[in-house]
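Okay, everyone, thanks for coming. Let me put today's model up on the screen and then walk you through it.

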Amino acid sequence: MTDNNVKLLLPLLLVYLSRSKTITAAASSSSSPPPPPSSPYLFASTFAADYSHMLSSFKIFIYNTTDPSSPPRFASPAQSLFYDCLLRSPFVTLSADDAHLFFVPFSSATSLSNRALARLVTSLKSSLPYWNRTLGSDHFYLSCHGLAFSSDRGLLELKKNSIQVSCFPANRFIPHKDVTLVPRAESSPGESVTARVSREYLAYARFGAVKNTGLLDGLRKDEEFLVESQPSDEVTWRTKMGSSELCLFEYGEGDFTGLSEAMRFGCVPTVITNRPMNDLPLIDVLSWREIGAFVGKDPERLRTALGDVAREGRKMDRMRRLGAQASRHLSWNEAPQPLDAFHMVMYQLWIRRHTTRYVRRPELAP
């Protein structure tokens, strides 16, 4: 991307952010509670400039580890699309000396053996100097299943140091360095729609989004819940989302591909989980506590917890609005668009570009 294009894009980004940020007068009393958030971003004041800096500066070197006639195969549609978009993006550089990060491509549709991965890392370490200067901490790879632990030194460095770009929910995930891909929706992206004719249901559980049979059986007994027992077509499930206050997703087991659609149609995403979540997509960018709700898996208390969420009318309206604003960042496009899911994953890699430079200690002679 040229400098002129970046200069043109920056004002548009600032306008977009300004629309999601209402200027609130300062409270007259120091004891007054802070105003509710008016932006879906964790760091709204710096996001636009930093994103623009990424577009003009970020460079990635891709190792030639695969046969051009047999490209890598991946385990999820989001992985495959991210890989294709990266190859066609202006972020790729042929000059490794100019790169901020290094991409190590290998097939993850089926788990490679430890021996094969060890050979791959060994070849990277012996052929070029870039791995050795950081022990792989400025490298990244795609893997839905994650890497098993191994005693091989190269695999340990790949697992512990390199950035794993995972599917969501993630396996073998290290929160301080790894990234999750936004689940790829089955439908084409579009404009956000938060206005609804009616709110007929308290919550909607799309087919596959909740798989715990105990939870599903309890929800089906209540007429305020819409629980699908079989898949519905796109028009139908969009209508169901638009007529529901909350859209339910079970963390760990459920299908999250409808997450961006729920946000876009004003159905507040509500995650059912009994454990902390440190692998949410775009967790470094979006303030998920202001966009969605999180409730426990106790079947006896689930109905009450969901009712409590929906009763907070003003908060619900704000969550719908912020979710609709953020939904564009969870939309994948065959040809990447500004601020879409591909660019936001790239942005998370960008903010991880500052790596620790490990210094090798000299070996002691016997």
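So, here's one to start with: at what angle do the axes of helix α4 and helix α6 cross? Roughly 85°, and the axes of α4 (residues 114–127) and α6 (residues 153–160) come within 8 Å. Axes here are lines fitted to C-alpha atoms, for helices over the stretch in contact, and angles run from 0 to 180 degrees between N-to-C directions. That makes α4 roughly perpendicular to α6. On the wording, angles under 35 degrees count as roughly parallel, over 145 as roughly antiparallel, 65 to 115 as roughly perpendicular, and the rest as oblique. From α4 the contact uses N114, L117, A118, V121 and K125, and from α6 it uses R153, G154, L155, E157 and L158. Contact means heavy atoms within 4.5 Å.

Quick housekeeping. This is a predicted model, so local features need pLDDT of at least 70 and side-chain atom pairs count only at pLDDT 80 or more, while totals for chains, interfaces and linings use all residues. Residues are numbered from 1 along each chain as its sequence is written, and side-chain values use heavy atoms, with hydrogens and water left out.

How confident is the predictor? The mean pLDDT of the protein chain is 84, and 81% of its residues reach 70 or more; that score is the predictor's confidence in each residue, from 0 to 100. Please be careful with two stretches. Over residues 18–30 pLDDT stays under 50, and the model has ten contacts there beyond four places in sequence. Residues 357–366 also stay under 50, with 13 such contacts.

Now the overall picture. The protein chain has twelve helices and ten strands, which are DSSP runs numbered from the N terminus (helices are H or I, at least four residues; strands are E, at least two). Of its 366 residues, 52% count as buried, meaning under 20% relative accessible area, with exposed over 50% and partly exposed in between (1.4 Å probe, protein chains only). Among contacts between residues at least 6 apart in sequence, 71% join residues at least 24 apart.

On to the sheets. Two strands pair if DSSP finds at least two bridges between them; β1 and β2 have three, in the parallel sense. F61 has F102 in β2 as its bridge partner.

In α3 (residues 77–87), the buried residues are A78, Q79, L81, F82, Y83, C85 and L86. What covers them includes β1 (60–62), β2 (101–103), β3 (139–142), β4 (163–166) and α12 (341–350).

α12 turns up again with helix α2 (residues 44–57): their axes come within 10 Å and cross at roughly 90°. So α2 is roughly perpendicular to α12. Among the residues in that contact are F47, Y51 and M54 of α2, and H343, Y347 and W350 of α12.

There's another open sheet, also of five strands with parallel pairing, ordered β7-β6-β8-β9-β10. Its edge strands are β7 (225–227) and β10 (293–295), each pairing on one side only. Neighbouring strands are turned by 25° against each other on average, direction ignored. Strand β6 (residues 201–205) runs parallel to β8 and is joined to it by three bridges, and Y201 has S244 in β8 as its bridge partner. Helix α7 (residues 213–220) packs on this sheet, touching β7, β8 and β9, at about 130° to β7. α8 also packs on the sheet, touching β6, β7 and β8, at about 115° to β8.

Which way do the residues of β9 point? V268, T270 and I272 go one way and P269 and V271 the other, and all are buried. Strand β8 (residues 244–250) pairs with β9 in the parallel sense over five bridges, and L248 stands opposite T270.

Last stop: K240, in helix α8 (residues 234–242). K240 touches Y204, L226, E228 and S232, leaving aside residues up to four places away in sequence.
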